Amino acid sequence: MRRYDTSIALYERTRKSLAGGVSSNVRYASVPVPLFFERGEGAFLYDVDGNEHIDYVLGNGPAILGHAPKPVIERVAASLARGQVFAAQHPGETALAERLCRLLPGIEVVRFATSGTEAVLMAFRLARAFTGRTKILKFEGHYHGWSDQAYISARPALNEAGPANAPVPVAGSPGMPPSVLDDTVVAGWNDLDLLADALARHKGEVAGVIMEPVMVNGGPTPPKPGYLEGARKLCQEHGALFICDEVITGFRAGLRGAQGRYGVTADLTIYAKAVAAGFPLAMVGGRRDVMDTLLDRGVMHGGTYNGNVQSMEAALAALDILEAGDGAVYRDLERRGTKLMEGLAAIAARHRVPVKVQGLPAIFQVYFTEGPAPSNYRDAVACDRDRALAFHRALQDEGIRTNQQAKWFLSVAHDDVIIDRTLDAADRAMKAVA
Ligand SMILES: Cc1ncc(COP(=O)(O)O)c(C=O)c1O
């Protein structure tokens, strides 16, 4: 059994000065306490008790190149003496903006921000300014940051969420003004009839429809064939902007994100996380006529750290690796992720534990269920969470770090040796669960 005595002592001490002992609520959940880490390197994290973890959390997505990737660190380090924030432009911004516009589907213009949460807020404002409408349509189980406007029905309790065919918006936190619910329409995802109904019920009111093009936060679930194209068409018919939140899927579902993978193009897209390989960077990009409202119509967007020197350098260095050979690293990532997914499914079958392993090779989840793989949030929450948590804990004892839903993020640093080691450990963990 691994010991976490130093983490436990540090957590007790930290709680006295840092609210809840953490800097983000999603970090509460780990056991026996929120753990403290000394350092990360490649696929590994080392905690303050000296335990090594093969890390499949990867900062919840950013560390697509593994922890502390050398080329990124070196380029950022070389930039440090030049300064950090100028409250002005610098050539690194131009270089990155040009590169992203050239690379990404539907991105004619970008604007940089610092976190996904605020980039989503900017997309909402752009959609409202462009269409002159107020409501945003979002989907149950989709997370778009913790703001008042977006943290709605991201993980609702089903006894509060209303019927599946017409969910009611549920505020995700105390302290959110009830008025935000009036501006939000919630629909079930992955079902075009539900979206068509919701848009028809709110005809002429919806400024934008936002979704994770592959649902990840509510449980990794790919879109049904034709769903993204159909959603885009419905948005067009109703005069609403189609907004893809690729904060997780960007540079993870493939070099060109979920849109590249599935061949659809949004009006506006939010990228963050993997784009800067661990440094804080988010962006909104998309149609020039929509983005031009920033200038033409005076739509306000600000942010002291937007476009800061180090985040630009980090993204440029990351793109050198991700773009090489038109995304050659993604071919490895797909192969290794598929091997891991199939290996986990085979292990569960061997131990007679009913699971479905679903998602994309670089972000997937082990669902404990006898039923079919989930196709939406309600299916995902119907799976056995206690068993998922037991598997997560058993994995942690084996030195494998996943998130509490037994969700797995993969990086290019997870080579075949690491995957094989992981599968051996997962076999013992699954035996413990069985
Ligand atoms: C899909 C999605 N959108 C938005 C966000 C918010 O991003 P941030 O945590 O950078 O504010 C997240 C964070 O996990 C996310 O997964």
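**Domains and ligand**

Analyst: Between domain 1 and domain 2 the count is two salt bridges. Please note that the model is a predicted one.

User: Which side chains meet in a salt bridge at 2.7 Å, N to O?

Analyst: A salt bridge pairs a side-chain nitrogen of Lys or Arg with a carboxyl oxygen of Asp or Glu within 4 Å. The N to O distance of 2.7 Å belongs to a salt bridge between the side chains of Glu334 and Arg261.

User: What area is buried between domain 1 and domain 2?

Analyst: In terms of contact, 32 residues of domain 1 meet 40 residues of domain 2. Carbon and sulfur atoms give 60% of the area buried between the two domains, and that area is about 2700 Å².

User: Which residues of domain 1 lose the most area to domain 2?

Analyst: Three residues together account for 29% of what the domain 1 side buries. They are Leu360, Tyr377 and Arg378.

User: Which residue has a side-chain N or O atom 2.6 Å from a nitrogen atom of the ligand?

Analyst: The residues around the ligand include Gly116, Asn217 and Asp245. Gly116 has a polar backbone atom 2.8 Å from an oxygen atom of the ligand, and a polar side-chain atom of Asn217 lies 2.9 Å from a ligand oxygen. The ligand nitrogen is 2.6 Å from a side-chain atom of Asp245.

User: How much of the ligand's accessible area does the protein cover?

Analyst: On its own, the ligand has 390 Å² of accessible area.

Conventions: Residues are numbered from 1 along each chain as its sequence is written. This is a predicted model: local features need pLDDT of at least 70, side-chain atom pairs count only at pLDDT 80 or more; totals for chains, interfaces and linings use all residues. Side-chain values use heavy atoms; hydrogens and water are left out. A residue is near a molecule or strand if one of its heavy atoms lies within 4 Å of it. A polar contact is a pair of N or O atoms within 3.5 Å; within protein, one must be able to donate a hydrogen and the other to accept it, and residues adjacent in sequence count only if both atoms are side-chain atoms. Accessible areas come from the Shrake-Rupley method with a 1.4 Å probe; for residues, only the protein chains shown count as cover. Contact means heavy atoms within 4.5 Å. Buried area is the accessible area (1.4 Å probe) that two parts lose on being put together, summed over both.
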